[in-house]
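Please look over the sequence and the structure shown below. The paragraphs after it lead through the fold one part at a time.

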Amino acid sequence: MSKDALDVAFICTGNRFRSPLAAAALAAERPDLSLRISSFGILELGAASALPEAVEFADAFGLDLSAHRTQSVMKADLERFDLVLGFEHHHVAAAVVDAGARLDRTFTLPELVSLLEMARDPRVTAGPLARACARIRAAHAARPPDFRNRPVPEVADPLGRSRAVQRKIADELRASVSALASRLFD
């Protein structure tokens, strides 16, 4: 894993709500770190913008999604990424199977947050990026042996949901990304 910058990818279904919102939130959480953050969707939608609701919720959080354009994970090579985060199990599967993400670096966002809570902290004294890499390895090591066949915590798809549910999902994403940043880098 790279030590001068950490490459992070977020993957959702259409790359129009969850992944761009999470990517912007992580960038805002740790502007002091050299993070290269990308977001993708498992669908091919051309270069569509973020959903209006995502733009609005992001704006309320002080984030700007106005320039976001969708990218398909099917055209990506995720093998080089230090961390790949999906929101549902099938996002993780697509990242690994279709885009070459390494399984030991690929999680759902809530799964990784949970694993970081319970994994033994490797106590790396080097900088925050080296700590993050060590903690990602520790989180993978904390997975049960049959983790591929177990359900994992997920973040619901906001598409077709009421505005109130979409707001709840946006709030959940923001809180999860904040917890991730704290547990991964501090």
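At roughly what angle do the axes of helix H4 (residues 109-118) and helix H6 (residues 163-185) cross? They cross at roughly 40° and come within 10 Å. Helices (H or I, at least four residues) and strands (E, at least two) are DSSP runs, numbered from the N terminus. Axes are lines fitted to C-alpha atoms, for helices over the stretch in contact, and angles run from 0 to 180 degrees between N-to-C directions.

Before going on, note that this is a predicted model, in which local features need pLDDT of at least 70 and side-chain atom pairs count only at pLDDT 80 or more, while totals for chains, interfaces and linings use all residues. Residues are numbered from 1 along each chain as its sequence is written, and side-chain values use heavy atoms, with hydrogens and water left out.

Two packed helices are described by the angle between their axes and the distance between the axes. Angles under 35 degrees count as roughly parallel, over 145 as roughly antiparallel, 65 to 115 as roughly perpendicular and the rest as oblique. H4 and H6 are therefore oblique to each other. H4 passes H6 in a left-handed crossing, a term that applies if the near helix is turned anticlockwise from the far one by less than a right angle, with right-handed used if the turn is clockwise.

H6 also packs with helix H1, at an angle of about 40° and with the axes 9 Å apart. H1 and H6 are therefore oblique to each other. Here the crossing is right-handed.

Next comes the sheet. Four strands form an open sheet in the order E2-E1-E3-E4, with parallel pairing; two strands pair if DSSP finds at least two bridges between them. E4 and strand E2 (35-41) stand at the edges, each with a single partner strand, so one side of each has no neighbour in the sheet. On average, neighbouring strands of this sheet are turned by 20° against each other, direction ignored.

How many bridges join E1 to E2? There are seven, and the two strands run parallel. In this pairing, phenylalanine 10 stands opposite serine 39 in E2. E2 is mostly covered, since five of its seven residues are buried; buried means under 20% relative accessible area, exposed over 50%, partly exposed in between (1.4 Å probe, protein chains only). Together, E1, H1 and E2 make a right-handed β-α-β unit. A crossover is right-handed if, with the strands pointing away from the viewer, the path from the first strand over the helix to the second runs clockwise.

The loop between E1 and helix H1 (18-29) holds glycine 14. Glycine 14 is buried, with a relative accessible area of 15%. Its C-alpha atom is separated by 18 Å from that of phenylalanine 107, 93 residues apart along the chain. Asparagine 15 is found in the loop between E1 and H1 as well, and is buried with a relative accessible area of 0%. Most residues other than glycine have a negative phi. Asparagine 15, however, has a positive phi, near 65°.

Strand E1 (residues 6-12) is also joined to E3, by four bridges, and these strands run parallel. Valine 8 has leucine 83 as its bridge partner in E3. Three bridges join E3 to strand E4 (residues 106-108), again in a parallel arrangement. Leucine 85 stands opposite phenylalanine 107 in E4. Between E3 and E4 the chain passes through helix H3 (residues 89-99), and this β-α-β crossover is right-handed.

In a regular strand the side chains alternate between the two faces of the sheet. Are the faces of strand E3 (residues 83-86) covered or uncovered? Both are covered: Leu83 and Leu85 on one side and Val84 and Gly86 on the other are all buried. Leucine 83 lies in strand E3 and has a relative accessible area of 0%.

Cysteine 12 is buried, with a relative accessible area of 2%, and cysteine 133 is buried, with a value of 3%. A disulfide is a pair of cysteine sulfur atoms within 2.5 Å. By this rule the count is zero disulfides.
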